[in-house]
Amino acid sequence: MGKGAPEINEALSAGDGRFAIVVARWNDSITYKLRDGAVETLKEHGASPDQIEVFYVPGSFELPMLADKLALTGNYAAVICLGAVIQGDTMHHEYINHAVAHGIMNAARDHGIPVMFGVLTCMNDKQAMDRAGGLVGHKGIEAAQAALEMVSVYRSLAD
Ligand code: RBF
């Protein structure tokens, strides 16, 4: 078994569903890379530009708030949340990370669509860069792949 996310089926298709991507502007040098990877991945799997909508929030703490609103509309097959929480001198990261993880899960459960956790929870900038298309992969791409996989599974249940 490999490290990180498993390979996904290359045939996985975006279908005709719409995807919302919510991007936290805090640490935007990282999160915009996550966004670009996610958008590219959805397109590679057949999503047209009008099937992809990108929204912005101030920081990661606000990701679940908007994800919940978007999921509530019923307009999206999945919502992908992207952020980068980087540890500082205080404990803010712990509060933000836990709140975001719970909030994202609640939005998914409350509205019955996949809401993806594409949030880096890093100790420093280098760790975040490494995970935004650097040495340790690309969490934006992985979040989009996970969304595609989940949409496909949900679709199979509806058939
Ligand atoms: N938001 C992030 O997305 N990443 C961070 O690393 C981050 N660090 C923060 C550090 C402190 C001390 C505070 C108060 C906020 C931070 N935020 C961060 C912003 C947070 O997610 C949210 O946007 C604001 O707290 C406003 O609700």
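This is a short talk on a few local features of one predicted model.

Okay, thanks everyone. Keep in mind throughout that we're looking at a predicted model.

Let's begin with two helices. Helix α2 covers residues 63–73 and helix α3 covers residues 92–111. Their axes come within 8 Å of each other, and the crossing angle is roughly 5 degrees. How do α2 and α3 run, then, relative to each other? Angles under 35 degrees count as roughly parallel, so α2 and α3 are roughly parallel to each other.

If you want to click through that contact, on the α2 side you'll need L63, P64, A67, D68, A71 and L72. On the α3 side, go for A99, V100, G103, I104, A107, D110 and H111. And what's the make-up of that contact? Nine of its residues are nonpolar, two are polar and two are charged.

How many aromatic pairs does the structure hold? Two.

Take Y32 and Y56 to start with. They're edge-to-face, with 5.8 Å centre to centre and 65 degrees between the planes. Y32 sits in helix α1, residues 28–44, while Y56 belongs to strand β2, residues 52–57, so this pair ties together parts that are 24 residues apart in sequence.

F55 is in strand β2 and Y76 is in the loop between α2 and β3 (78–86), so here the pair ties together parts that are 21 residues apart in sequence. Buried or exposed? Well, Y76 counts as buried, at 8% relative accessibility. F55 comes out as partly exposed, with a relative accessible area of 22%.

What sits over the ring of Y32? It's the charged end of R35, 4.4 Å from the ring centre.

Now the single residues. N27 is in the loop between β1 (19–24) and α1. Have a look at its backbone: phi is positive, about 60 degrees, although N27 is not a glycine. N27 is partly exposed, with 25% relative accessible area.

Next up, S60. You'll find S60 in the loop between β2 and α2. Leaving out residues up to four places away in sequence, S60 touches A24, G83, A84, V85, I96, V100 and V119.

Last one: V151, in helix α5, residues 139–158. V151 is buried as well, with a relative accessible area of 7%. Which residues is V151 in contact with, once you set aside its neighbours within four places in sequence? F19, A77, A78 and P114. Look at A78 in particular: V151 and A78 are 73 residues apart in sequence, and their C-alphas are 6.8 Å apart in space.

That's my tour. Happy to take questions.

Notes: Residues numbered from 1 in each chain as written. Predicted model: local features only at pLDDT ≥ 70, side-chain atom pairs only at ≥ 80, totals over all residues. Heavy atoms only, no water. Axes fitted to C-alpha atoms, helices over the stretch in contact; angles between N-to-C directions. Helix = DSSP H or I, 4+ residues; strand = E, 2+ residues; numbered from the N terminus. Parallel < 35°, antiparallel > 145°, perpendicular 65-115°, else oblique. Contact = heavy atoms within 4.5 Å. Nonpolar A, V, L, I, M, F, W, Y, C, P; charged D, E, K, R; others polar. Phe/Tyr/Trp six-rings, centres within 6.5 Å; stacked < 30°, edge-to-face > 60°. Buried < 20%, exposed > 50% of the residue type's maximum accessible area, 1.4 Å probe, protein only. Lys NZ or Arg CZ within 6 Å of the ring centre and 35° of its normal.
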